[in-house]
Amino acid sequence: MASNGSSRTHRPIVGLTAYGEHVRYGVWEHEAVLLPVTYPDVVLASGGIPVLLPPRVESAVAVDRIDALVLSGGPDIAPGRYGEAPHPRTGEPRPERDAAEIAMLHRALERGIPVLGVCRGVQLLNVALGGTLVQHVPDAVGHTGHNPTPGVFGTTTVDLVPGGRVAATVGTTVAVQCHHHQAIDRVAPGLRVTGRAADGTVEAVELDGAPFVVGVQWHPEQDATDVRLMTALVAAATGNPTPPAR
């Protein structure tokens, strides 16, 4: 396992990729780097220390100083990244964020540190490694169950492959919080599908040959009562085995 030169007696530092958005609060309106508080909260609850990584390519060097990386949720990835024209329902891309997160991911893979992709993050993992996306899931599955109401998380039941890291952590069937209209289409070389929804949507992937590189299409940070997946990431960062499902 890669080392950052520390004694490993500290709580693992978990880098969280952040949004770059135009926001308004108080008397201010400007560009900001931000992330929902549920992300750092679940990292803290899992025994890690969260650090936000701004969506700038230069931030990739910070991956050398962290113990694990979380690719967070967010807006659609630019379709040009996987060789397709935009679908009419594809959102405005954030090219700087796409480039920054791809650079961070490759640096994390080179170092061999644990990676967890969340929603957009699993899509980013797939695209960065050579896969493609379904740009509007309702076109493929015939319903809007993965994103039933704007701004409100829905619930999806996911079946996971026994023996995979995600199943070992949360069990072979789990009800999850979701909010997405895109998903993995062609799976990138080296990634293995280890979870699907009943309609066939890819919900979990794992990178073969890596100690802990996992992506899930759902939002584990939204369930404050279940920190198992983030705890598994933190455990991997300390060299401990994946906690058993319960």
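User: In which sense do strand S5 and strand S6 pair, parallel or antiparallel?

Analyst: In this predicted model, strand S5 (residues 68–71) and strand S6 (residues 115–118) pair in the parallel sense, over three bridges.

User: What is the bridge partner of Val70 in S6?

Analyst: Val70 has Leu116 as its bridge partner in S6.

User: How do strands hold on to each other in a sheet?

Analyst: Strands of a sheet pair through backbone hydrogen bonds, and the pairing is either parallel or antiparallel.

User: Which order do the strands of the sheet have?

Analyst: The sheet is open and has nine strands, in the order S4-S1-S5-S6-S13-S12-S11-S8-S9, with mixed pairing. Its edge strands are strand S4 (49–53) and strand S9 (173–178), each of which pairs on one side only. On average, neighbouring strands of this sheet are turned by 25° against each other, with direction ignored.

User: Which strands does helix H2 lie across?

Analyst: Helix H2 (residues 95–111) lies across strand S1 (13–17), S4, S5, S6, strand S12 (202–207) and strand S13 (213–216). The helix runs at about 150° to S5.

User: Now to helix H6. Why does it count as largely enclosed by the rest of the structure?

Analyst: Nine of the ten residues of H6 are buried, so this helix is largely enclosed by the rest of the structure. Among the buried residues are Arg228, Leu229 and Met230.

User: What do the buried residues of H6 pack against?

Analyst: They pack against S1, helix H1 (38–45), S5, S6, helix H5 (165–170) and S13. After H6 comes Gly239, whose phi is positive, near 85°.

User: How many cavities of 30 Å³ or more does a search of the whole structure find?

Analyst: The search finds one cavity of 30 Å³ or more. The largest cavity holds about 40 Å³ of space.

User: Which residues line the largest cavity?

Analyst: The lining consists of Val42, Leu116, Pro220, Glu221, Asp226, Val227, Arg228, Leu229 and Met230. Six of the lining residues are nonpolar, none is polar and three are charged. Helix H6 (residues 228–237) gives the most to this lining, with three residues.

User: Changing topic, where is Pro189, and is it buried or exposed?

Analyst: Pro189 is in the loop between strand S10 (183–184) and strand S11 (191–197). Pro189 counts as exposed because its relative accessibility is 63%, and the cut-off for exposed is over 50%.

User: Which residues is Pro189 in contact with, leaving aside its neighbours within four places in sequence?

Analyst: With those neighbours left aside, Pro189 is in contact with Leu129 and Gly130. The C-alpha atoms of Pro189 and Leu207 are separated by 9.0 Å, and these two residues are 18 residues apart along the chain.

Conventions
Residues numbered from 1 in each chain as written. Predicted model: local features only at pLDDT ≥ 70, side-chain atom pairs only at ≥ 80, totals over all residues. Heavy atoms only, no water. Pairing = 2+ DSSP bridges. Helix = DSSP H or I, 4+ residues; strand = E, 2+ residues; numbered from the N terminus. Axes fitted to C-alpha atoms, helices over the stretch in contact; angles between N-to-C directions. Contact = heavy atoms within 4.5 Å. 1 Å grid on protein atoms, 1.4 Å probe; cavity = no way out; pocket = protein on both sides within 12 Å on 5 of 7 lines; lining within 4 Å. Points joined across faces, edges and corners; volume = space filled by probe spheres on them. Nonpolar A, V, L, I, M, F, W, Y, C, P; charged D, E, K, R; others polar. Buried < 20%, exposed > 50% of the residue type's maximum accessible area, 1.4 Å probe, protein only.
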